[in-house]
Amino acid sequence: MSERGALRGLRVLMWVVIAVEVPVYLVWLVQVGYLTGQKLPRGDVARWAPPVLLPPAAVLFCVMAGWTWWLSVVAGTRSSLRDRWIVASLVFVAAFSVFCGVASVDDPSVSVGLLSAAVTGLGMTGLFFIPAAASRQLPDVIRQRSRRTAAAPGEADPGPQ
């Protein structure tokens, strides 16, 4: 398989993963958010907050974090995932998502928590990689990274071949 075909295959694989994980995650967030909100007393306005606010917050925070990470990868600078606000936003989405998954059932258990964590992790990963998968620079970045790792330790980065 040629390098171009492998890069195209990688991009297609990324989009297939995104196309499966993201809708499942967002539908799941709406469902568990609704069920969690319905456990609040009738008349409480917060009943509608989880299903209305959690999916857009997840999309916004995960794609934003993925975008800033991807820009740092393209620029070859320090990973922006070390910035506190990015990590805090991802932890917030993960924690609230898993919480709603566990709180939405009548009989919470470890298996419910693990399932919530798995759906959350897969969905957040799909959202996070949307900017990289959509980038025209993906093949160039992969080529540069593979050239760097192909160089022996201590050697300079080989030039364009």
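The model is predicted, and its secondary structure comes to 6 helices and 0 strands. Read along the sequence, that gives the pattern α-α-α-α-α-α. With a radius of gyration of 20 Å, well over the 15 Å that the globule rule gives for 161 residues, the protein chain is more spread out than a compact globule.

**Overall form**

- The C-alpha trace of the protein chain spans about 65 × 35 × 30 Å along its principal axes.
- Of the 161 residues in the protein chain, 34% are buried.
- Taking contacts between residues at least 6 apart in sequence, 70% join residues at least 24 apart.

**Helix 1 against helix 3**

- Helix 1 (residues 3–37) packs with helix 3 (residues 84–103) at an angle of about 60 degrees, and their axes are 8 Å apart.
- That angle makes helix 1 oblique to helix 3.
- The crossing of helix 1 past helix 3 is left-handed.
- Helix 1 brings Tyr25, Trp28, Leu29, Val32 and Thr36 to the contact, while helix 3 brings Val93, Ser97, Phe99, Cys100, Gly101 and Ala103.
- Sorted by class, this contact of helix 1 with helix 3 holds 8 nonpolar residues, 3 polar ones and no charged ones.

**A closer look at Ser116**

- You will find Ser116 in helix 4 (residues 110–128).
- Ser116 counts as buried because its relative accessibility is 3%, and the cut-off for buried is under 20%.
- Beyond its neighbours within four places in sequence, Ser116 is in contact with Trp28, Val98, Gly101 and Val102.

Terms used:
Residues are numbered from 1 along each chain as its sequence is written. This is a predicted model: local features need pLDDT of at least 70, side-chain atom pairs count only at pLDDT 80 or more; totals for chains, interfaces and linings use all residues. Side-chain values use heavy atoms; hydrogens and water are left out. Axes are lines fitted to C-alpha atoms, for helices over the stretch in contact, and angles run from 0 to 180 degrees between N-to-C directions. Helices (H or I, at least four residues) and strands (E, at least two) are DSSP runs, numbered from the N terminus. Angles under 35 degrees count as roughly parallel, over 145 as roughly antiparallel, 65 to 115 as roughly perpendicular and the rest as oblique. A crossing is left-handed if the near helix is turned anticlockwise from the far one by less than a right angle, and right-handed if clockwise. Contact means heavy atoms within 4.5 Å. Ala, Val, Leu, Ile, Met, Phe, Trp, Tyr, Cys and Pro count as nonpolar, Asp, Glu, Lys and Arg as charged, and the others, Gly among them, as polar. Buried means under 20% relative accessible area, exposed over 50%, partly exposed in between (1.4 Å probe, protein chains only). The radius of gyration is taken over C-alpha atoms; the globule rule is 2.2 Å times the number of residues to the power 0.38.
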